[in-house]
Amino acid sequence: MRQEFVTNSPEETFGAGRRFAASLVAGDVVALTGELGSGKTLFTQGIAEGLGVEDVVNSPTFKLIGEYDSTPPLYHFDFYRLESAEDAVALGIEHYFMGEGISVVEWADLFLQLIPDDAIEVTITVTGEKSREILAERREAETAGD
Ligand SMILES: Nc1ncnc2c1ncn2[C@@H]1O[C@H](COP(=O)(O)OP(=O)(O)O)[C@@H](O)[C@H]1O
Ligand SMILES: [Mg+2]
């Protein structure tokens, strides 16, 4: 799976997330990377709307885990809010990742060791004040010895 989006406004990045959500299945982990202000949160909110969550934009900001009651449920993490990988483990992140929900992680690159081998990596690149390039690619789970 490889998808590319070019956006020229916050609304378009939200819309890209919404369209991207259509390719997600239960159990997926989405690992978001991109500098501060690149649009990771907006893209995630688009995913939530794509999964059927209503009123995403007005939902309260979460502390450590944002949970949305969609089908499948959506779990939103932001590694920037954690001190260490141990904090994520203490939250039970592996159980979320292994579960039947869809997990989206902002700042996945901060603790990449926690991200499953078959996660979908989404990289957002700021190409201008209002423009972004968004590349989504599923990691190939490598087998030992390859
Ligand atoms: N094409 C674009 N896509 C996404 N955000 C954009 C775009 N152009 C401008 N912006 C602005 O960039 C910021 C993105 O914020 P946010 O989604 O919170 O980023 P992050 O979670 O990566 O820090 C918002 O202030 C938004 O208005
Ligand atoms: Mg953010």
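This is a predicted model: local features need pLDDT of at least 70, side-chain atom pairs count only at pLDDT 80 or more; totals for chains, interfaces and linings use all residues.
Phe77 has Val105 as its bridge partner in strand 5.

How many residues of strand 5 are buried? Of the 5 residues in the run 102–106, 5 are buried. The strand is thus described as mostly covered. Its side chains go two ways. Ile102, Val104 and Glu106 point one way. Ser103 and Val105 point the other way. Both sets are buried.

Val104 and Glu106 are in contact with Thr44. Thr44 also touches Leu32 and His76, leaving aside neighbours within four places in sequence. Thr44 itself sits in helix 2. Is Thr44 buried or exposed? Its relative accessibility is 1%, and buried means under 20%, so Thr44 counts as buried. Its side chain also has a polar partner within the protein. A polar atom of that side chain lies 2.8 Å from the backbone oxygen of Lys40.

Lys40 takes the reader to the ligand. Which residues come nearest to ligand 1? They are Thr13, Gly37, Lys40, Thr41 and Lys130, out of 17 residues around it. Helix 2, residues 40–50, supplies 3 residues of this shell, the largest share. Helix 1, residues 10–20, supplies at least two. By class, the shell holds 8 polar, 6 charged and 3 nonpolar residues.

Individual atoms can now be picked out. A polar backbone atom of Gly39 is 3.0 Å from an oxygen atom of ligand 1. A polar backbone atom of Lys130 is 2.9 Å from a nitrogen atom of the ligand. Arg132 uses its side chain instead: a polar atom there lies 3.3 Å from an oxygen atom of ligand 1. How much of the accessible area of ligand 1 does the protein cover? On its own, ligand 1 has 580 Å² of accessible area, and the protein covers 75% of it.

Helix 2 then contributes to the shell around ligand 1.

Notes
Residues are numbered from 1 along each chain as its sequence is written. Chains are lettered from A and ligands numbered from 1 in the order in which they are written. Side-chain values use heavy atoms; hydrogens and water are left out. A residue is near a molecule or strand if one of its heavy atoms lies within 4 Å of it. A polar contact is a pair of N or O atoms within 3.5 Å; within protein, one must be able to donate a hydrogen and the other to accept it, and residues adjacent in sequence count only if both atoms are side-chain atoms. Accessible areas come from the Shrake-Rupley method with a 1.4 Å probe; for residues, only the protein chains shown count as cover. Helices (H or I, at least four residues) and strands (E, at least two) are DSSP runs, numbered from the N terminus. Ala, Val, Leu, Ile, Met, Phe, Trp, Tyr, Cys and Pro count as nonpolar, Asp, Glu, Lys and Arg as charged, and the others, Gly among them, as polar. Buried means under 20% relative accessible area, exposed over 50%, partly exposed in between (1.4 Å probe, protein chains only). Contact means heavy atoms within 4.5 Å. Two strands pair if DSSP finds at least two bridges between them.
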